Amino acid sequence: MKGWVKTVRDHRDFVFVELGDGSCLENLQVVVEADEALREKARSLATGASVAASGAFSPSPAKGQKWELRAKTLELLCPAPEDYPLQKKRHSDEFLRTIAHLRPRTNKYAAVFRVRAALSRAVSDFFAARGFLQVHTPVITASDCEGAGELFRVTTLAPGKDTDPTADFFGRGAYLTVSGQLALEMFACALGDVYTFGPTFRAENSHTARHAAEFWMVEPESAFADASDNMALAEDFLRFLAERALSDCASDLGLFDRFVTPGLITSLEGIAKAGFARVSYTEAVEILKKSGKRFEYPPEWGRDLQTEHERFLTDVHVKGAVIVSDYPKSLKPFYMRVNDDGRTVAAMAVLVPRIGEIIGGSQREERLDTLAARLAETGLSAQDYGWYLDSRRYGSVPHSGFGLGFERLVMLVTGISNIRDVIAYPRTPGAISF
Ligand code: 4AD
Ligand code: MG
């Protein structure tokens, strides 16, 4: 057994060394009693040191563990001196953020990243079982998918020098992608059901617990699928992920239920089992207005739903997940399909308790003329999006898709309330450690 020392307890005639190797929440208890030289060696081990121990596994008489290792040999691989920062049992999340490179050594963060990996695997399994093909869309792009101008520029021009994009590496402006959607749509209109799963970047200056400048997004896109197919897929997907977390990560979720968010497992079971409520944006605004609750931002048709509104819908009104659909056209990007009323689009968002929006998507505008008009309306050039319009020129079909914020999923599943604590090395405004 190779691992890192968590604690050493000395009982004179025998010494207990708890070793963890990160593979699961539980540590292995190494019992050292063979001879005094070995016991002395065990006593000298410090928390954080790396160790190799060998001996016989035997059923443990102690409570809470099935097995222990009765050490025959014990080898110190590398010591951890007194300045090892994780001496205490519990540290604040804020402190641990300052040592993001060491925090996976703690029980809680090791559990977060095991759950994150399990969810990533579950994403692949879900789509593989349904015949969706994975497409690797580019990270460097020349277009602004969301049209919100929250792009990081990619350049090789020296700072302060020429800022003329035609003199730059690609001969035109280039950016880190905010979403793989536009590139992915072209593949849906060729392969049918596809998805992309990769890092996305937003230079939005939001200082909240749910926004990061670099985050991962899962984006499925389906040809011959309308808004209602899209909502059904989103619901199936999220319920599958909750179910898999419950079955595959039971002991890690137990830790989060005990120490992070009491009631977590019950709330995940709710997501896995209960159907999602559905309301239109217009109905949601009515519900909020009639609630009698005083919101900081009074709800009004045509205004974006704020976090406080989303929280009311999920935590108070529905007490579970809710899908809000058909938002005002003026609030949404050019690619969403315009509804027959002319003032709303076939957008949807899945809202969940504690987090708010976890999924955003829509049926796409497949009618060439309407799409071209929307581009013009939102101030984007038809020339830049000529390639995108091609999919509507040649064999256009109704198609739909959505994006799931992967960190928000990890937050939902672990009960952790700050996005900085579910991503290995968080990037937020004004903060990048290395
Ligand atoms: O609603 P968004 O902006 O949708 C899109 O980007 C679409 N192009 C997706 C699509 O239809 N293929 O983002 C989708 C999700 C949000 O619901 C949220 O969960 C997450 O991505 N998200 C963020 N997560 C962390 N930090 C941020 N700054 C995020 N912005 C969006
Ligand atoms: Mg959104």
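One term before we set off: a residue counts as buried when its relative accessible area is under 20%. Keep in mind, too, that this is a predicted model.

**Stop 1: a pair of rings.** Select F334 and Y335, both of which are buried. Their rings sit edge-to-face, 5.6 Å centre to centre with 80° between the planes. For F334, the relative accessible area is 1%.

F334 lies in the loop between strand 12 (322-325) and strand 13 (347-352), and Y385 in the loop between helix 10 (368-377) and helix 11, so the pair ties together parts 51 residues apart in sequence.

**Stop 2: a ring cluster.** Next, pick F126, F127, F132, Y195, F237, F240 and F402: ring pairs link them into a cluster.

**Stop 3: the ligand.** Keep F402 selected and show ligand 1. A backbone N or O atom of F402 lies 3.4 Å from a nitrogen atom of ligand 1. Protein covers 93% of the 630 Å² of accessible area that the ligand has on its own. Then look at E357, where a polar side-chain atom lies 2.6 Å from an oxygen atom of ligand 1. The side chain of Q181 has an N or O atom 2.7 Å from a nitrogen atom of ligand 1.

**Stop 4: helix 4.** Which residues of helix 4 (residues 181-191) are buried? They are Q181, L182, L184, E185 and A188. These cover an arc of only 150° around the axis, which puts them on the same side of helix 4.

Methods:
Residues numbered from 1 in each chain as written. Chains lettered and ligands numbered in written order. Predicted model: local features only at pLDDT ≥ 70, side-chain atom pairs only at ≥ 80, totals over all residues. Heavy atoms only, no water. Buried < 20%, exposed > 50% of the residue type's maximum accessible area, 1.4 Å probe, protein only. Helix = DSSP H or I, 4+ residues; strand = E, 2+ residues; numbered from the N terminus. Arc of directions from axis to C-beta. Polar contact = N/O pair within 3.5 Å; in protein donor to acceptor, adjacent residues only side chain to side chain. Areas by Shrake-Rupley, 256 points an atom, 1.4 Å probe, with all protein chains shown as cover. Phe/Tyr/Trp six-rings, centres within 6.5 Å; stacked < 30°, edge-to-face > 60°.
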